[in-house]
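The sequence and structure come before the discussion.

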Amino acid sequence: MFKFNEAISFQINCDDQKEVDYYWEKLGEGGDEKARQCGWLKGKYGVSWQVVPVVLMKMLNDLDKQKSQKVMKAMLQMKKIDVSELHRAAVAE
């Protein structure tokens, strides 16, 4: 009778890419492939999840605003967050 929607989501803070990959695969299994963006996914029961590497928040809060903007721009292009890509974006010229 009641359906889940994006008004509520659960966030999983991951220590590394291995954890991101694990939760992304397990929680996304059977879910809506189109409902995946910027670390968000929707599982098979319609629950929304945020699978976030801890380093992402550190990088977005970097005092170097140019670096944090590069990281944000890279993250916005991703479905599942790729930690190595975030690091590359942060140091890109």
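## Strand pairing

L41 has W49 as its bridge partner in β3. The model is a predicted one. The pairing of β2 with strand β3, residues 48-53, is antiparallel and runs over 3 bridges. In general, strands of a sheet pair through backbone hydrogen bonds, in either a parallel or an antiparallel sense.

The sheet is open and is formed by 3 strands in the order β1-β3-β2, with mixed pairing. Its edge strands are β1 (9-14) and β2 (40-42), each of which pairs on one side only. On average, neighbouring strands of this sheet are turned by 25 degrees against each other, with direction ignored.

## Overall layout

The protein contains 4 helices and 3 strands. Along the sequence, these elements follow the pattern β-α-β-β-α-α-α. The C-alpha trace spans about 50 × 25 × 20 Å along its principal axes.

## Packing of α3 and α4

Two packed helices are described by the angle between their axes and by the distance between those axes. For helix α3 (residues 65-76) and helix α4 (residues 83-91), the packing angle is about 140 degrees and the axes are 8 Å apart. The two helices are therefore oblique to each other. The crossing in which α3 passes α4 is right-handed.

On the α3 side, the contact involves K67, K70, V71, A74 and M75, and these meet L86, A89 and A90 in α4. By class, the residues of this contact comprise 6 nonpolar and 2 charged, with no polar ones.

## L60 and its contacts

L60 lies in helix α2, which covers residues 54-60. When neighbours within four places in sequence are left aside, L60 is in contact with S68, V71 and M72. Of these residues, V71 also takes part in the contact of α3 with α4.

L60 and K18 are 42 residues apart in sequence, and their C-alpha atoms are 21 Å apart in space.

## Salt bridges

How many salt bridges does the count come to? The count is 4. One of them is formed by D21 with K80, where the closest N and O atoms are 2.9 Å apart. D21 belongs to helix α1 (residues 17-28) and K80 to the loop between α3 and α4, so this pair ties together parts that are 59 residues apart in sequence.

## Backbone at C38

Most residues other than glycine have a negative phi. C38 is not a glycine, yet it has a positive phi of about 55 degrees. The location of C38 is the loop between α1 and β2.

Key: Residues are numbered from 1 along each chain as its sequence is written. This is a predicted model: local features need pLDDT of at least 70, side-chain atom pairs count only at pLDDT 80 or more; totals for chains, interfaces and linings use all residues. Side-chain values use heavy atoms; hydrogens and water are left out. Axes are lines fitted to C-alpha atoms, for helices over the stretch in contact, and angles run from 0 to 180 degrees between N-to-C directions. Angles under 35 degrees count as roughly parallel, over 145 as roughly antiparallel, 65 to 115 as roughly perpendicular and the rest as oblique. A crossing is left-handed if the near helix is turned anticlockwise from the far one by less than a right angle, and right-handed if clockwise. Contact means heavy atoms within 4.5 Å. Ala, Val, Leu, Ile, Met, Phe, Trp, Tyr, Cys and Pro count as nonpolar, Asp, Glu, Lys and Arg as charged, and the others, Gly among them, as polar. Two strands pair if DSSP finds at least two bridges between them. A salt bridge is a side-chain nitrogen of Lys or Arg within 4 Å of a carboxyl oxygen of Asp or Glu.
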